[in-house]
Amino acid sequence: MIAFKPVLLWSDLLLLLLLAAIAASGAWASRQEHLRAAWARVGRSRSGMAAATLLAAFVLVGIVDSMHYRTLLPGKDGKPGAYSVEVNSALDALLAGLRNRTEKTYSAPLATHLYAKESVEGPEGSAAGREFPRLKHGGAHLGAELDRHSADVAASAFRGLALGLAAWLPLAMVFAILKRRRPGTAWEAVSATLLTLALLGGPAAALAGGYHVLGTDKVGQDVLYLTLKSIRTGLLIGTLTTLIMLPAAVLLGILAGYLGGWVDDLIQYLYTTLNSIPGVLLIAAAVLMMQVLIDTHPEAFATAADRADARLLALCAILGVTSWTGLCRLLRGETLKLREMDYVQAARAFGVGRLAIMLRHILPNVMHIVIIALVMDFSGLVLAEAVLSYVGIGVDPNTVSFGTMINAARMELAREPMVWWSLAAAFCFMFALVLSANLFSDAVRDAFDPRMSHR
Amino acid sequence: MLAYVVRRVLYAIPILIGVNLITFALFFVVNSPDDMARMQLGVKRVTPEAIQKWKAERGYDKPLAWNAEAAGLAKVTDTIFFAKSVRMFAFDFGRADDGRDISREIRTRMVPSLAVAVPVFILGLYVSISFALLLVFFRATYLDVGGVVLCVAMMSISSLFYIIGGQWLVSKVWHLVPISGYAGGLDAVKFLVLPVLINVIAGIGSSARLYRTLFLEEVNRDYVRTAMAKGLPELTMLFRHVLRNALIPILTGVVVVIPLLFMGSLITESFFGIPGLGSYTIDAINAQDFAVVRAMVFIGSCLYILGLLLTDLSYTLVDPRVRLE
Amino acid sequence: MSLLKVRDLSVAIGPVRPVQQVSFDIDEGETFALLGESGCGKSMTALALMRLLPAGGRLTGGTVVFDGTSLRELPETGMRRVRGGRMAMIFQEPGTSLNPVMTVGAQIGESLALHHGMTGVAARERAETLLAAVGIPDPARRVDEFPFQLSGGMKQRAMIAMALAGEPELLIADEPTTALDVTIQAQVLDLLAELKAARRMATLLISHDLGVVARMADRVGIMYAGQLVETAPRADFYARPAHPYARRLFAALPDVRLRGTALATIPGSVPSLDRPLCGCRFAPRCAEAREICRREVPDWTFLAQGHAVRCHFPATGARSSGVPAPAGESVAAEAPAPLLEVEELRVHFPIRRGLFRRTVGHVRAVDGVSLRLVRGRTLALVGESGCGKTTAGKAVLRLLPATSSFLRLDGQEIGDLPESRLRPFRARMQMVFQDPFGSLNPRLRVGETIAEGLRALKGRGAEARVGELLEAVGLPGAMAQRYPHEFSGGQRQRIAIARALAVEPELLVCDEPTSALDVSVQAQILNLLRDLQKRLGLAYLFITHNIAVVDFLAQEVAVMYLGRIVERGSVDEVLRNPRHPYTQALLAAVPAIEPSEVAPVRLAGDLPSPAAPPAGCHFHPRCPRAVDTCRASYPGETAFSASHTVRCHFPG
């Protein structure tokens with residue numbers, strides 16, 4: 001038997017599907033002149049390219065975190081072992097060091113001691129009072145030479161910087177060559193973002209070997225590890241939701257706009273009704289009911305990961321249901337306009353069928369709205385996840401996400417002295433993710449929206 | 001005009017019925033009442049008797065939509081659908097799990113919700129529009145670019161961080177106002193200042209950016225050029241011409257949420273311990289009190305539909321093209 | 001004494017330099033017209049004078065001296081006093097140039113308050129006076145109305161009133177009548193002429209229309225590619241235009257005398273203004289260009305008093321007025337079986353009102369139109385906007401559902417065929433649309449667009465014919481691989497014609513195919529359409545408002561008013577000897593480039609709404625001959641010849 005068994009969660013499958021769809025539409029778009037031109041305009045935007053680079057880094061983490069497997073447990077008494085019920089990802093394997101080096105409870109970033117006092121026993125078994133005990137892993141390599149702490153941190157950080165620079169240099173050269181080939185595209189922004197990433201990531205990686213770079217949380221888990229794990233959840237919510245709602249929104253929007261009549265009335269009624277239920281409440285109700293369904297059918301889920309995954313997908317689906325109406329309405333309005341265009345009339349004069357007209361003449365001309373909506377929704381969904389998880393109607397409490405992290409961390413602000421690092425870490429990563437998504441979507445909108453082009 | 005209003009009101013009826021059917025399906029068809037009982041009472045150690053009792057307490061022991069055993073009209077009325085869903089049209093929501101009357105609870109909790117939501121709404125609109133107008137006045141300068149960057153940065157921060165950060169800074173570091181809580185009467189002010197302030201700031205980013213886009217769209221129109229050709233100063237042009245025309249699209253997004261202010265805000269109220277409808281909903285969600293969540297869904301939908309109606313009416317106030325046709 | 005002196009005015013918008021070293025003077029009470037085709041920089045010149053250039057635009061050189069003050073050096077506050085006060089401007093699109101949420105009175109009042117400190121009752125009274133002065137009936141009521149309550153012509157009058165409010169010494173009118181119908185245009189031009197005479201107001205008129213300029217201007221300046229190339233007193237210019245570009249423009253005008261001949265066209269296109277140009281900028285398109293033209297920028301040559309031209313070899317002779325057409329060209333001896341027969345075509349759109357959206361009435365867009373069209377001939381359907389001519393055209397092709405009609409193509413009834421059985425007939429009748437930018441799908445290659453009809457109606461093997469078709473309309477076949485945005489308006493219109501020709505139709509409905517094009521491009525399209533008709537024996541149902549085009553292209557005319565045909569006949573009958581008062585007024589309203597002595601009949605008022613057409617004869621409220629009979633009954637048909645019929649109680 002092999003040492004591990006790959007696991008394909010439903011969300012992984014959908015993510016694969018999404019990547020395939022993106023690759024396919026990329027190949028298609030490269031043959032469509034107007035789409036190529038629009039993407040080239042995105043490429044010219046410095047902020048857009050910098051944001052895209054940062055996003056790509058996040059996506060990379062998310063993809064690595066989506067390759068799931070179950071390890072083979074050693075068999076007892078010569079019998080073949082069973083596979084572990086714990087589902088891990090490739091990211092877990094890469095960060096095994098971070099994952100396994102758990103402490104007892106809180107410790108500050110780069111600390112060598114725990115954040116809470118504990119009674120320790122004196123050398124002769126007598127109680128020696130309360131003190132901050134040494135961490136099991138953080139700074140363990142220092143041994144007794146605690147005065148070397150700052151020097152060691154500085155040295156590691158410096159080593160990390162050098163390493164980061166060394167890793168960046170060949171990439172920078174590649175982009176310099178690209179810049180010479182395609183001077184219009186803002187490769188220098190990509191290069192600069194990568195430099196920033198290298199200069200931040202290098203020291204972090206170097207320090208992570210010996211310390212908890214961002215500290216540990218209540219149960220002693222490494223915060224850096226948790227934040228990296230949160231990325232996948234945010235990305236999935238931001239993309240799968242759109243993937244789920246897109247077909248319905250596009251189909252119904254175009255049908256309503258082009259066919260009119262009772263079809264239009266029906267679709268309008270449908271989205272007005274769905275829209276009139278306040279989103280949070282609809283999500284709350286649906287997630288509650290989904291939880292009941294999951295809890296009362298434990299036999300359907302082999303592992304805890306499966307259950308958490310089902311809840312995540314349910315959340316994506318219900319977020320999709322609450323958010324497709326906006327896009328649908330936009331597409332309906334645009335289709336109503338396009339329907340009266342002369343080229344549609346000309347096609348009708350040739351007796352071209354309705355389906356063919358919608359596919360050839362309407363769909364390509366509303367594509368820019370779809371693309372803009374896709375990237376614009378992303379950041380809002382990532383933010384929504386945090387709020388919903390905080391309220392308790394987001395992802396499964398066992399799923400690591402920005403929302404669950406914030407929820408766990410906010411109680412600790414009241415502690416004296418304050419535990420600030422989990423919150424700060426979640427804030428920084430989330431801000432970086434959402435800001436880059438916002439900047440990227442701005443660049444995309446400017447490039448695709450015909451009304452923006454003349455400004 | 002009147003016919004228009006009446007028609008809009010009539011149109012609301014099928015929508016409300018649709019909402020009602022959706023909630024009914026969500027709460028009773030996706031999961032049977034048995035499942036809900038099992039879930040609430042703990043999946044493992046639950047007896048059929050306990051389930052029966054749980055259902056009877058809540059009136060879930062009837063057939064879903066058709067009572068074959070009952071006689072006459074009771075075939076329809078003595079069902080969960082009639083008792084739980086149709087009754088809602090009379091704003092009869094029954095009792096919560098803790099035995100309190102939901103309708104009464106809603107009436108008392110409305111006031112604190114409004115005390116936060118209304119100032120946030122008015123102040124937020126005022127600040128965002130002013131900021132957007134400022135950016136438009138300085139359009140195509142570095143001030144404008146900087147303002148937009150600030151907006152994008154501000155809208156990239158989760159509302160949770162605004163609240164946590166604000167509470168920490170204002171209440172814990174500066175000790176200016178209590179960190180959370182609520183009191184009736186004028187005492188409420190010291191509890192309300194912080195949540196209102198934080199919510200206004202949290203909203204500036206996205207709304208100011210949206211309004212700026214709307215204003216810029218108007219600035220590029222022909223009638224603005226005509227106004228400038230009269231020799232109007234730029235500021236007069238912005239306030240008299242651009243603002244009034246941009247109000248029309250702004251209203252679409254704004255008026256619809258006015259009735260929803262009654263519902264309060266889930267996050268703000270739970271963070272600040274304000275006993276409004278938002279925290280009521282959150283508590284119900286956490287306690288899995290289905291009756292309360294169902295009631296809130298229905299009320300929320302009614303208020304949204306009211307908002308749509310108000311939006312239509314508000315057009316007639318600002319847009320003469322609608323008013324006079 | 002010059003009121004306005006412009007010297008070497010130059011404007012840049014980013015890398016584009018739309019105005020380069022333009023110099024002219026305007027005297028007090030004089031009308032100076034800047035004439036040129038779209039994109040020549042005439043509007044930008046006007047905006048530069050007002051210092052209202054669009055974002056990114058700036059004055060890069062030259063001086064503007066207005067009544068002794070240099071406007072370029074004026075601070076913004078001082079300029080605001082000039083703007084609207086001493087120098088007012090009216091714009092092309094009255095529909096979008098007025099603030100939709102402010103009353104007309106309030107918008108006039110703004111100007112009064114700014115420049116005369118007038119507010120309250122005084123301002124209101126003044127606004128009423130101004131509205132009355134621009135010929136708006138019932139000004140006391142109109143002053144409180146919003147722009148959407150006024151018709152297009154009224155909006156333009158209100159805009160003029162607004163401009164007059166500051167009592168300007170100079171009025172800049174940027175294409176003031178381009179968006180208006182010809183009868184309304186005539187009214188507005190009369191108004192501008194009266195105002196000029198009464199107030200001794202100088203006017204800078206910007207226009208592309210040789211007719212409008214001939215009617216209004218004292219002096220004319222021709223612009224080409226950002227430069228002024230010729231200035232002259234009006235009479236001199238119209239008699240002896242000196243610049244080859246100007247002469248070509250005149251020759252490109254369609255005219256009855258050119259029937260049967262090809263119109264002159266200008267090859268090539270206007271050079272793009274974002275890079276430096278050497279030599280004469282018209283040289284690449286000029287038939288008379290020689291070596292020196294391409295090398296050296298021509299300096300001004302003075303020909304006569306006030307007549308100067310920027311050309312190395314200016315023409316000196318009088319403008320030829322065209323050769324009279326051979327009389328009785330292609331009059332079909334005995335009318336063969338008609339290709340298209342339309343009887344009693346009606347297209348009514350329901351008006352829904354009230355609680356349950358009940359149908360309370362109908363917009364009678366087309367209300368009983370009958371047409372007959374023979375192979376190889378052109379029937380022009382003429383009328384002003386809103387008369388239903390486009391709706392009629394689309395209903396003939398069954399792109400709109402007709403309320404009732406008998407529609408026969410080549411003797412076969414197609415009016416009530418279901419869409420599936422209509423398909424074979426679709427190949428036999430096609431359409432060319434008005435807007436060259438809306439008629440091609442921007443996401444499809446031109447080749448795909450042309451092949452669409454072939455594939456839909458003729459099956460496979462479409463791609464092979466695309467190149468052939470493109471060449472048939474005068475474009476290289478290789479262009480099939482390109483997208484529409486790479487083509488100019490005229491080229492797009494050629495592509496649209498190629499698309500229609502692909503399925504080898506017998507009938508082509510042309511809906512104002514040239515009205516969005518410049519004169520020189522229009523000439524190319526008209527030539528093409530006529531060639532195609534000769535070669536392929538096509539029948540055209542040509543929908544237009546342009547009488548000159550009708551005269552040039554059509555054999556038969558039908559004049560439409562409010563959904564009905566009021567007069568029909570051969571071109572000579574209807575255009576030379578119009579009997580219906582509407583036709584007469586329509587013809588008289590067209591501004592002619594030749595001076596004419598006849599006092600024209602002017603129509604009062606606007607086109608009524610087709611939702612509530614006037615009782616009796618639809619035309620009676622605007623008709624000078626109307627009597628009680630006209631108010632009571634719709635007139636029957638009066639025949640003047642086998643082909644010439646009129647629907648009027650008192651045809652004259």
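## T645 of chain C

T645(C) is placed in strand β24 of chain C, residues 645-647 (helices, H or I of at least four residues, and strands, E of at least two, are DSSP runs numbered from the N terminus). The model is predicted: local features need pLDDT of at least 70 and side-chain atom pairs count only at pLDDT 80 or more, while totals for chains, interfaces and linings use all residues. Residues are numbered from 1 along each chain as its sequence is written, chains are lettered from A and ligands numbered from 1 in the order in which they are written, and side-chain values use heavy atoms, with hydrogens and water left out.

T645(C) counts as buried because its relative accessibility is 12% (buried is under 20% relative accessible area, exposed over 50%, partly exposed in between, with a 1.4 Å probe and protein chains only). Apart from neighbours within four places in sequence, T645(C) contacts V566(C), E567(C), R568(C), E637(C), T638(C) and A639(C) (contact means heavy atoms within 4.5 Å).

## Interface of chains B and A

Chain B gives 52 residues to the contact and chain A gives 51 residues. Between them the two chains bury about 4300 Å², with 74% of it on carbon and sulfur atoms (buried area is the accessible area, 1.4 Å probe, that two parts lose on being put together, summed over both). On the chain B side, S156(B), F161(B) and I285(B) lose the most area to chain A, together 13% of what that side buries.

Chain B and chain A share 1 salt bridge (a side-chain nitrogen of Lys or Arg within 4 Å of a carboxyl oxygen of Asp or Glu). R209(B) forms a salt bridge with D442(A), and their closest N and O atoms are 2.8 Å apart. Helix α14(B) supplies the largest share of the side of chain B that touches chain A, 9 residues.

## L439 of chain A

L439(A) lies in helix α15 of chain A, residues 421-448. With 26% relative accessibility, L439(A) counts as partly exposed. Residues up to four places away in sequence aside, L439(A) touches S47(A), G48(A), A51(A) and, in chain B, V152(B). M376(A) is 63 residues from L439(A) along the chain, and their C-alpha atoms are separated by 9.6 Å.

## F356 of chain C

F356(C) sits in the loop between β13 (340-353) and β14 (358-373) of chain C. F356(C) counts as exposed, at 60% relative accessibility.
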